[in-house]
Amino acid sequence: MSLINLEKVTVAYGNNVILKDFDLRVEKGDLVSLLGPSGCGKTTTLRLIMGFLNSKSGKFIFDGKDYSNIPVHKRNFGYVFQSYALFPHLNVFDNVAFGLNLRKVDKKEVGKRVSEILEIVDLLDYEKRFPGELSGGQRQRVALARALVIKPDLLLLDEPLSNLDAKLRVKMRVEIRKIQQELGITTVYVTHDQEECFSISDKVAIMNNGIIEQMEEPSKIYNYPSSEFVARFVGFENFIDLKLVSKKEASYELMANNKTSFIVDNLHINDEIQPTKGAIRPDDLRISNIGLNEGTNTISGQILVRTFLGRDYQYEVKTDIGIFIVNHEALKVFEVGENVSIYFPTDKIILVK
Amino acid sequence: MNNKSRGLKIFAFLVYFFLLAPLVIIFIASFGAEKSLVFPPNGFSLKWIANIFKIEMFRKTFLISMQLSVIGTIIALILGIPAAYALSRYNFKGKGFFNGIFLSPVLIPGIVLGFSLLKYLVIYSKLDIYTSLLIGHVIIIIPYIIRVISSSLSNFDYSIEEASMSLGANKIKTFFTVVLPNIRSGVIAAFILAFINSFNNVPISLFLTGPGVSTLPIQMLIHVEYNFDPTIAALSVLLMAMTAILMFIIERTLGLSYFAK
């Protein structure tokens with residue numbers, strides 16, 4: 001059985017339903033990220049696990065026990081807030097020692113454990129400072145140390161890096177992953193930053209409108225999203241409506257609205273879903289002068305807009321089945337208004353529901 | 001300098017003059033040598049200040065006023081802090097109504113409040129004078145407590161409360177270890193403001209004082225009715241000094257901007 005089991009949980013504020021019959025399973029020792037646009041219910045899920053809010057229905061089973069009605073202060077979970085929520089009236093040492101003092105750990109042991117954890121987060125010389133005297137990155141590390149020092153059964157992180165600058169964010173996320181693995185602590189991480197969560201998670205759950213659209217290893221989600229929402233989220237900008245014509249071993253034949261046929265033969269077609277759309281990234285489309293390429297997986301169109309991205313030019317190409325976004329190396333430049341054909345490589349199209 | 005800003009300067013001067021001149025007059029007159037309160041005084045003497053301490057009723061009522069204000073303020077804090085906390089932390093039905101109820105004592109004329117308290121506490125409930133005074137004072141200062149504490153809670157980051165609970169503290173423990181220390185300055189300000197208001201109160205005390213139990217402001221009123229010597233001016237100067245010192249403490253601990261919010 002998984003460590004965390006959320007079973008058919010519903011959370012609502014009045015008539016505003018945030019989570020409906022929500023299920024989530026997290027294995028012991030894993031770092032699982034909840035990723036999604038704001039308002040998708042990811043923070044709600046985290047707060048529900050911590051016990052800051054109650055569900056209308058459903059169960060939260062933790063380590064085989066029903067935690068649904070256990071109050072926050074008896075859960076022994078560590079929670080890191082987006083705003084860090086350090087105690088302004090206590091110095092770094094007392095902030096970190098707060099949880100230990102509540103557990104009636106003896107003074108000597110408190111000193112030892114606080115020093116140990118401050119060493120891990122590299123803040124050993126800051127014990128006497130107050131939160132107001134620390135930089136954002138240091139506060140973040142104090143918040144992390146404070147949550148970790150109580151040896152929580154579960155670590156919950158609510159966008160812990162969103163208030164830091166880009167460079168520090170990258171450094172800290174590696175740090176968090178390192179500490180998480182060293183201590184082997186099961187972690188649920190909420191973020192809206194795709195790169196951040198893909199880089200450190202064992203599994204990522206993409207959330208939308210209170211449901212998990214897909215939950216898998218980051219590389220699977222990145223390469224083989226199963227729904228249009230997830231595909232858009234991970235950078236598939238082009239979608240074609242497709243109808244299934246025939247199905248062979250590891251290869252599908254489909255047809256677009258303008259009767260162009262498409263072959264898709266990547267090996268990761270999800271058999272369980274009824275594909276209605278093909279998705280492809282701008283980088284994977286091939287653009288060429290009209291006439292060079294014709295037949296299956298190819299459509300023709302006219303360039304509407306050209307923008308310079310550095311290594312590539314990006315083109316918006318208007319075709320009779322919609323507008324496609326194509327990146328092409330800056331070595332060969334196409335002009336606005338030019339007629340071109342676009343080729344969809346058979347192994348780069350992903351079928352989504 | 002143009003005319004407009006000169007006009008403004010004169011205006012500001014006049015405002016300050018009319019605000020402060022009576023106080024200056026009292027201050028100077030309290031050092032007069034004559035037997036009645038005159039301005040400008042003839043001669044200089046400290047005997048009126050000394051005289052305050054000779055009048056036993058002043059000593060007695062000063063102690064009662066002190067006791068009443070300190071105990072009343074503490075009771076009002078005990079009632080007002082949780083009320084202010086609930087009003088700013090939670091959204092509930094009738095929140096506006098409760099807000100109104102708690103602030104109404106400052107809106108109702110003191111004399112009306114004083115009279116109704118007399119009717120219900122002393123005449124109807126037959127409480128003794130001291131208890132009635134205490135209840136009356138608590139009622140008039142609670143609005144100040146709620147107002148000041150609410151304003152310090154308005155910048156309070158409630159996520160630290162959740163942080164405390166996530167670390168293992170229950171709600172009550174969280175209130176005392178995390179919430180209270182962080183609104184400490186507000187509590188001090190509320191205490192001082194409520195104390196001054198209680199100590200200086202006339203309209204409520206006027207109705208509730210009775211034989212043997214009186215407050216200093218009431219005793220001063222009585223004194224002025226029969227004597228017109230500078231003792232009362234000297235006493236006023238001492239009370240002003242006390243208020244000024246308390247305000248100075250607030251200014252030093254919080255800054256007066258605290259009340260401008």
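Five bridges join β9(A) to β10(A), and the two strands run antiparallel; helices (H or I, at least four residues) and strands (E, at least two) are DSSP runs numbered from the N terminus, and two strands pair if DSSP finds at least two bridges between them. This is a predicted model, in which local features need pLDDT of at least 70, side-chain atom pairs count only at pLDDT 80 or more, and totals for chains, interfaces and linings use all residues. Residues are numbered from 1 along each chain as its sequence is written, while chains are lettered from A and ligands numbered from 1 in the order in which they are written.

Asn209(A) is partly exposed, with 15 other C-beta atoms within 10 Å. As for the terms, a residue is buried if 20 or more other C-beta atoms lie within 10 Å of its own, exposed if 12 or fewer, and partly exposed in between, with C-beta atoms placed from the backbone.

β9(A) also pairs with β3(A), here in the parallel sense over four bridges. In this pairing, Ile206(A) of β9(A) is the bridge partner of Leu35(A). How many residues of β9(A) are buried? Five of the six are, so β9(A) is largely enclosed by the rest of the structure.

Another sheet in chain A is open, with four strands in the order β2-β1-β4-β5 and antiparallel pairing. Its edge strands are β2 (16–26) and β5 (65–66) of chain A, each of which pairs on one side only. Strand β4 (residues 57–62) of chain A is joined to β5(A) by two bridges, and Phe62(A) has Lys65(A) as its bridge partner in β5(A).

Here are the pairings for which bridges are counted.

| Strands | Bridges | Sense |
|---|---|---|
| β9(A) and β10(A) | five | antiparallel |
| β3(A) and β9(A) | four | parallel |
| β4(A) and β5(A) | two | antiparallel |

Now to a helix. Helix α5 (residues 166–183) of chain A has 18 residues, which at 1.5 Å a residue should span 26 Å, and its end C-alpha atoms are 26 Å apart, in agreement; the expected span is 1.5 Å times one less than the number of residues. Which residues of α5(A) are buried? They are Met172(A), Arg173(A), Ile176(A) and Gln180(A). Seen down the axis of α5(A), these buried residues fall within an arc of 105°, so they line one face of the helix; the arc is that of the directions from the helix axis to the C-beta atoms. Their cover includes β3 (31–35), α4 (136–148), β8 (187–191) and α6 (194–200) of chain A. On the other side of α5(A), the exposed residues are Lys167(A), Lys171(A), Val174(A), Lys178(A) and Glu182(A). Gly184(A), with a positive phi near 60°, follows α5(A).

A positive phi also turns up at Lys104(A), about 60° although the residue is not a glycine. Lys104(A) sits in the loop between α2 and α3 (107–120) of chain A, and Lys104(A) is exposed, with 7 other C-beta atoms within 10 Å.

Stepping back, chain A has eight helices and 20 strands. Buried residues make up 40% of its 353 residues, and its C-alpha atoms fill a box of roughly 80 × 45 × 40 Å along the principal axes. Chain A divides into domain 1 (4–223) and domain 2 (228–352), with bounds that come from an automatic or database domain assignment. The centres of these two domains of chain A, taken over C-alpha atoms, are separated by 39 Å.

Seven residues of domain 1 of chain A are in contact with four residues of domain 2 of chain A; two residues are in contact if their C-beta atoms, placed from the backbone, lie within 7 Å. On the domain 1 side, β9 (203–208), β10 (211–216) and α7 (218–223) of chain A each give two or more residues.

Finally, there is the contact between chains: 17 residues of chain A are in contact with 14 residues of chain B. On the side of chain A that touches chain B, β6 (77–80) and α2 (92–102) of chain A each supply at least two residues, and the largest share, three residues, comes from α2(A). The residues of this side divide into 12 nonpolar, four polar and one charged; Ala, Val, Leu, Ile, Met, Phe, Trp, Tyr, Cys and Pro count as nonpolar, Asp, Glu, Lys and Arg as charged, and the others, Gly among them, as polar.
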